[in-house]
Amino acid sequence: MTSGKAVGLEEGLLVAERAVPTAAGVTSTAPQAVTVMGEPGSAPVSPGRAAAPLSERRIVDAALEVARREGLDRVTMRGLARDFGVTTMAIHYHVPTREALLRLVVERVLG
């Protein structure tokens, strides 16, 4: 396991220095951006891109996309959580059940 130290904060990412072995076997210190846990239910931040906060609207949008692409039976809370990079409970914070999510998807399609 390598150890590192925080050296700054840039664009919402913690920049850390971490020892990195090189091909010659020499260890160098290289800056590396690491994701810092944000608010509960927030998606991880990709380097160079700010993540929008997780919301009911974003979850319904993602569920609708999965339903269109793979079918309604493939819409799961776990699958959405995986897609957002959050825990399943973060999805449940915004939409309590799969049935409630499917109802919201149908309302979006009809409404």
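**Salt bridges in a predicted model**

Glutamate 70 and arginine 69 form a salt bridge through their side chains, at 3.3 Å from N to O. A salt bridge here is a side-chain nitrogen of Lys or Arg within 4 Å of a carboxyl oxygen of Asp or Glu. Salt bridges with shared partners connect Glu65, Arg69, Glu70 and Arg74 in one network. Across the whole structure, the search finds four salt bridges.

This is a predicted model, in which local features need pLDDT of at least 70 and side-chain atom pairs count only at pLDDT 80 or more, while totals for chains, interfaces and linings use all residues. Residues are numbered from 1 along each chain as its sequence is written, and side-chain values use heavy atoms, with hydrogens and water left out.

**Within helix α1**

- Arginine 69 also pairs with glutamate 65 in a salt bridge, at 3.6 Å from N to O.
- These two residues, arginine 69 and glutamate 65, are four residues apart in helix α1, so about one helical turn separates them.
- Helices are DSSP runs of H or I with at least four residues, numbered from the N terminus.

- The side chains of aspartate 61 and arginine 108 form a salt bridge at 2.4 Å, N to O.
- This pair links distant parts of the chain, 47 residues apart: aspartate 61 lies in helix α1 (residues 56-70) and arginine 108 in helix α4 (residues 98-110).

**Exposure**

- Partly exposed means a relative accessible area between buried (under 20%) and exposed (over 50%), with a 1.4 Å probe and protein chains only.
- Glutamate 70 is partly exposed at 41%, and glutamate 65 is partly exposed at 39%.
- Aspartate 61 is partly exposed at 34%, and arginine 108 is partly exposed at 32%.
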